[in-house]
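Me: I'm new to reading protein models. Could you walk me through how helices pack and how a pocket is described?

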Amino acid sequence: MENSCYNPISLAGKKFFISGAASGIGRATCILLSKLGADLILADINQKGLEETVSLCKPTDVTVVMDFSQSGVIKEHLSSLVSVFGKLSGCVHIAGKPYISPLKSINSATALEVFQINTMTALELSKVFASRNISVDEGGTIVFISSVYALVGSAANVGYSMSKSALHGITKALSIELAPRKIRVNCIAPGFVKTKMGDSISHFFTEGHDEKIREMHPLGLGEPEDVANAIAFLLSDMSKWITGSIISVDGGFTAK
Amino acid sequence: MENFYEEIAELLEVDSVSGQETLLSFKCWDSLTILSIIALADDNYGITLSTSEINDSKTVDGLKNLFIQKKS
């Protein structure tokens, strides 16, 4: 029996759009998808980071600088990109912004910016992707990245939590709306992953905080690749009967 | 920095503050208030503060000086 080449998670011949591709989970995802044979459009606000990521992918992959704090940016870029690159089989919204602030110091403008980047961009991306001009005729798959803090409470995190838990609502609603088009919509809720985004908020915390966070994860802190693996699964045909799911990839954080 | 005292008073949950008051003397002084000050510094002044820097500043004016020093 010739099964040595059988690879049910192969993404060869498929094209995907990845937001937040310049670092962390986004970079790990692009590298993995590229290894699995996918062609990619990599988007981020950080041009230097994008160039580093694409150097680790395929030379034919495309990068585009996008500022997701501006609404309409995806529609503006994606139509022209796809006319050259080809229609997409899926998209992943990984770009995100943290926001640590207790209720009494929450700033509406900052909270709205976080909501725009984390949530409204996901909705905008879904809207553009669902267009028959953008996605392949046989359907497709959309993956969002939320957080354990969309599932469990955490002090000083209300702005971030509301932006991430809204993704769960979007996932459920769109999974029903887009099922007739054979477009699957799923969301991954990661635990703490060692990334630059995490480093960017480390000044909020006292010594010993890292150890506390580590203790919240029975399997220890995650690597960007741990989330990338789940994304690859959700983009592949191995998950073709999965839609509307919120998948915890959190080292056991929410199992407690 | 013209609204500094008003902004800090709001976070400290009092009507007004004076520069000599020690941070520890406020009833609501806790880790969430410290996080609030860090968030305020980031949002309104574009500066990054740490918990230990805030604790070390001791008084309201000490905190104000920390903001000024970081902004310069």
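Me: At roughly what angle do the axes of H4(A) and helix H5 of chain A cross?

Reply: First, some ground rules. This is a predicted model, where local features need pLDDT of at least 70, side-chain atom pairs count only at pLDDT 80 or more, and totals for chains, interfaces and linings use all residues. Residues are numbered from 1 along each chain as its sequence is written, chains are lettered from A and ligands numbered from 1 in the order in which they are written, and side-chain values use heavy atoms, leaving out hydrogens and water.

Helices (H or I, at least four residues) and strands (E, at least two) are DSSP runs numbered from the N terminus. An axis is a line fitted to C-alpha atoms, for helices over the stretch in contact, and angles run from 0 to 180 degrees between N-to-C directions. Here, the axes of H4(A) and H5(A) (residues 158–178) cross at roughly 15° and come within 8 Å. That makes the two helices roughly parallel (under 35 degrees; over 145 is roughly antiparallel, 65 to 115 roughly perpendicular and the rest oblique).

Me: Which residues of H4(A) and H5(A) make the contact?

Reply: Contact means heavy atoms within 4.5 Å. Among the residues involved are A:Phe115 and A:Leu123 of H4(A), and A:Met162 and A:Ile170 of H5(A). By class, the contact splits into 11 nonpolar, 5 polar and 1 charged. Ala, Val, Leu, Ile, Met, Phe, Trp, Tyr, Cys and Pro count as nonpolar, Asp, Glu, Lys and Arg as charged, and the others, Gly among them, as polar.

Me: And what is the angle between H2 and H4 of chain B?

Reply: H2(B) (residues 31–45) and H4(B) (residues 60–71) pack at about 40°, with axes 12 Å apart. They are therefore oblique to each other. On the H2(B) side, B:Ile37, B:Leu40, B:Ala41 and B:Tyr45 meet B:Leu63, B:Phe67 and B:Lys71 of H4(B). That contact has 6 nonpolar, no polar and 1 charged residues.

Me: How many residues line the second largest pocket?

Reply: Picture a 1 Å grid over the protein atoms alone: a pocket is an open set of points with protein on both sides within 12 Å along at least five of seven lines, whereas a cavity is a set where a 1.4 Å probe fits but cannot get out; lining residues have an atom within 4 Å of a point. The second largest pocket is lined by 18 residues, and A:Glu138, A:Gly140, A:Lys182, A:Arg184 and A:Lys240 lie nearest its centre. Strands S5 (140–145) and S6 (183–190) of chain A each supply at least two lining residues. The lining divides into 7 nonpolar, 5 polar and 6 charged.
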